Amino acid sequence: MKLKTEIYQAIAAVDYHKLQAEFQAQNELLVLENFLPNSILDRFLSLLPSLQPAINRNYIPNHKKGGSISRYSLDSVAPIFGEFYHLSTFFEFLNEITAEKLLPCPDTDPHTYALYYYTEPGDHIQYHYDTSYYHGKRYTVLLGLVDTSSSKLEYQLYRDIPNRETQMRSLSLTPGTLVLFNGDKLYHRVTPLGENEQRIVLTLEYVTDIRMGMLKRFVSNMKDAIAYFGFRQVFRPWGK
Ligand SMILES: [Fe+2]
């Protein structure tokens, strides 16, 4: 079956009014368990062995430890992730929930779609916002692919709203779970991985304005090179 048909079937069952209300009530955050159809999940999982050599490991003391694969590596080894990212049906779904007209990130953004690997004890990322370096908003989608871990996505809801009490929440990113949030609003972290555990996540990034100032592009590229994908992936001399 075609990817488009499979995702259409998953989305056709969605109650938009309920999800839009949840998204707004949680300050632009939505969690949907079992969102991804097993057929798509299985296709993604079947590609993981071939992606193993493309994992770039990073360690930044007190901030982050883990592996990542950029969109460029995914494009060359497993183009289905890029195909999924660009599905018009999925865009329409996200547009409904966010009440925005979302755009794909430019080709120069290595974070457009990427895989995060938590595979060694202690792999984690400290509390942060997925700050938008673009002129407009940045929305993050997380899709759980593998989770045999005790790691949690922990977040502080309403932290950016003055005079509103912050609420601590946490969840496991079980296979098929979708999390959608406004990167400038959700303060979040991933707690450290235990022994013999594994957690692999597909992350997708959508924006409302693809423009980015030169200084912000530089800061964004440096962050991606150091914390995620390595300099060879981010500052690619051969271009795309
Ligand atoms: Fe994040």
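**Entry 1. Basis.** I worked from a predicted model, in which local features need pLDDT of at least 70 and side-chain atom pairs count only at pLDDT 80 or more, while totals for chains, interfaces and linings use all residues. Residues are numbered from 1 along each chain as its sequence is written, and side-chain values use heavy atoms, with hydrogens and water left out.

**Entry 2. Iron site.** I looked up the ligands of the iron ion and found His128 (NE2), Asp130 (OD) and His188 (NE2), at 2.1 to 2.2 Å. Donors here are N, O and S atoms within 2.8 Å of the metal (3.2 Å for Na, K and Ca); water is not among the atoms, so the site may look incomplete. I noted His128 and Asp130 as buried, where buried means under 20% relative accessible area, exposed over 50% and partly exposed in between (1.4 Å probe, protein chains only).

**Entry 3. Nonpolar cores.** I took a nonpolar core as a set of buried Ala, Val, Leu, Ile, Met, Phe, Trp, Tyr and Cys residues joined through side-chain atoms within 4.5 Å. The largest core has 48 residues, and I found that Phe81, Phe84, Phe90 and Phe93 touch the most other members. I then listed the contacts (heavy atoms within 4.5 Å) of Phe90. Leaving aside neighbours within four places in sequence, Phe90 meets Ile7, Ile11, Phe35, Phe84, Val141, Leu178, Leu204 and Tyr206. Apart from this core lies another, of 23 residues, including Leu142, Tyr155, Leu171 and Val179.

**Entry 4. Salt bridges.** I counted as a salt bridge any side-chain nitrogen of Lys or Arg within 4 Å of a carboxyl oxygen of Asp or Glu. The structure holds twelve of them.

I recorded Asp123 with Lys65, whose closest N and O atoms are 3.0 Å apart. This pair links distant parts of the chain, 58 residues apart: Lys65 is in strand β3 (residues 64-69), and Asp123 is in the loop between β5 (113-118) and β6 (124-128). Both Asp123 and Lys65 are buried. I also noted that Arg57, Lys65, Glu120 and Asp123 are linked in a network of salt bridges.

I recorded Lys137 with Glu100, with 2.6 Å between the closest N and O atoms. Lys137 lies in the loop between β6 and β7 (138-147) and Glu100 in the loop between α6 (88-98) and β4 (103-104), so the pair ties together parts that are 37 residues apart in sequence. Lys137 is partly exposed at 31% relative accessibility, and Glu100 is partly exposed at 23%.

I recorded Arg211 with Asp209, the closest N and O atoms being 2.7 Å apart. Arg211 is exposed at 51% relative accessibility, whereas Asp209 is buried at 16%.

**Entry 5. Helix α6.** Helices (H or I, at least four residues) and strands (E, at least two) are DSSP runs, numbered from the N terminus. I found α6 mostly covered, with eight of its eleven residues buried: Thr89, Phe90, Phe91, Phe93, Leu94, Asn95, Ile97 and Thr98. Just after α6, Ala99 takes a positive phi of about 60°.

I then examined helix α2 (residues 16-25), whose axis comes within 8 Å of that of α6 and crosses it at roughly 55°. Axes are lines fitted to C-alpha atoms, for helices over the stretch in contact, and angles run from 0 to 180 degrees between N-to-C directions. Angles under 35 degrees count as roughly parallel, over 145 as roughly antiparallel, 65 to 115 as roughly perpendicular and the rest as oblique; α2 and α6 are therefore oblique to each other. Tyr16, Leu19, Gln20 and Phe23 in α2 meet Phe93, Glu96, Ile97 and Thr98 in α6.
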